[in-house]
Amino acid sequence: WKPMAAGSGSALVGARKRSGTPGPTAVGVRKVKDLQEPRRPDFLPKAVSAREGTAKDPSKKTLSSKSKLTLALPVLRILLILAALPSAALVCSGLSQGRREKISIFREFLRHASSLPALPLPAELLRSPPAELLGSWLLSDGKDLLRHNFSLKLSEVPLTAAMLGDRPDPDDKPQLPVASNDIDEEVPQDLRRSRFYRALLPLRQLLPDLMDRNSTDLWDRGLSGRLEVRLPDQRLLLHHVLEPLRWRFASQGVISEHVLARLCYALRPEGGPWDGSLVSDCEHSHSSPVYLPWSSFVGGGGNEIEVVVRSRMDPYVHASEVTAGCSNCFSEEGLPLTGISRALTCGLAEGSLSGRCFGRPQREFQAAGFAALSLLSLLSASLEWQTSGRRPKAILILGLALSIAALATGGGAVGAIRRWLLR
C-alpha cells in the first residue's frame, strides 16, 4: 500500500468526505465586487472614457463599399438616364436651328434687295449713282477756325466669309450667301455686295493745333465741328454737329482725353437731309461717333478719321443685326480684330468670338450629343462592373459605337453620305 500523493484527482472508495474549515481572509486581498468602479454621483457630468468611446458593438455589422454602391445603384441609374435626355435631344434635333434661321433671314433680305435702295441716295440717283459725294468739315470754338473740303468715294465690297464673320459649311441648308458660292442661284451675284461712300480725313488737317502742339489745352477750349455731306448738285444729304475732342471715362474709371476716330451713318431710303445725331448706326451694339483715348490712338498709329455713309438696307448693316454685331469683329482675312481696329467697329467683348457668327452647324451639336451618350454608357458599364463583377459587353459595345458616331458626325462623314444619297 502506498499513500496517495497530494493533489491526486481521485479519492479512495468508501472514504468519508470532510468539509473544509474556513481559514482567515488573506490580508490585502479584495473581493471582486469591491474592484468595481465606484458609482458616479448624479451631479457630475457624464464623461465618456476613451475605452467606452472606442469600444465596438460586435452585434453591429458595417456595410462594405460594394454593398453601399449596390444600394445606390438605382439612384445612379436614374441620374444617368436624366443626364442622357439632353444628349439625346442634341442628337435628334440639335440646338443649331438658330443658324438655319439666321441664314434664312439674311438670304430673304438679299432676295428682296433688288426692290430696295442699297445706297444712301435719293430714288432718282439709284440707277446711276455718282462716283463721289461732297463733304466739308468746319471747326470752330465760337468763331470759325478752319474749313476742310473732301470727297467720299463710292466703294464696293463683295460679301465674303470674312466680311460676314463666318464660312460656308457643307451641311448648311440653306447655304450662306457669299460671293464665292456659284452653286447657289437663288440669290443673284450682283446682290452679294455692299456699296457705300467712304473718306479718310487726315487728323492734321482737321485739328492742326492738336498735331503740332500736342497740348491738353485744346480739350478745354470747347471745340465744335460740323460735318456736311452733299450730293453732286449741292443738295444737303447729311449734317452733324459734334465735338472732335472729349473728356471721357477710360479703363478703371479714369477720365482721360479722347479724340474722334470714326463716323458711320446708316441712312434710310427717303433721301434726307438727315441729322447725323439721329440716324441709325452701322454696327449693332456699337454706337457712332467713335472716340478713342488720345494716347492709345496715337500710339497705335492712328492719324486719320474715317467717315462712312451707308444705306439702312446695306447687307453689311443687316448682317450686323442678324449676328448681333459679331460680323463686324473680323478682318478681311477672317481673323478677329484687335487693338484700334477692333475698337472702331466691334462692340463685343474680347474672347466672345468663335468664327461662326451665324451659329454652329448642326453636325457639331449632334457630335457633342453622341460623345456625351458615349461617356454616359461607359459610366453605366463601370457601375455595372463594380456591383455585379461581370463585364457588360453590350453596354461597352454601345459606348464604342457612339464614340465612332461622334467622330463620324463631327468630321462631316454622315452629312456627306446623306448628301450622296439625296442626289
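Gly 412 comes after helix 11 and has a positive phi, near 90 degrees. Helices here are DSSP runs of H or I with at least four residues, strands are E runs of at least two, and both are numbered from the N terminus. Keep in mind that this is a predicted model, where local features need pLDDT of at least 70, side-chain atom pairs count only at pLDDT 80 or more, and totals for chains, interfaces and linings use all residues. Residues are numbered from 1 along each chain as its sequence is written, and side-chain values use heavy atoms, with hydrogens and water left out.

Here's how the two helices look end to end, with the expected span taken as 1.5 Å times one less than the number of residues:

| Helix | Length | C-alpha span, first to last | Expected span |
|---|---|---|---|
| Helix 10 (residues 362–388) | 27 residues | 39 Å | 39 Å |

Now for the sides of helix 11. Gly 399, Leu 402, Ala 406 and Thr 409 are its buried residues (buried is under 20% relative accessible area, exposed over 50%, partly exposed in between, with a 1.4 Å probe and protein chains only). They sit on the same side of helix 11 because their arc around the axis is only 95 degrees, going by directions from the helix axis to the C-beta atoms. Lys 393, Ala 394, Ile 397, Leu 400, Ile 404 and Leu 407 are exposed on the other side.

Over in strand 7 (residues 255–267) you'll find Ser 256. Ser 256 counts as buried because its relative accessibility is 16%. Leaving aside residues up to four places away in sequence, Ser 256 touches Arg 246, Trp 247, Arg 248 and Ala 250, a contact being heavy atoms within 4.5 Å.
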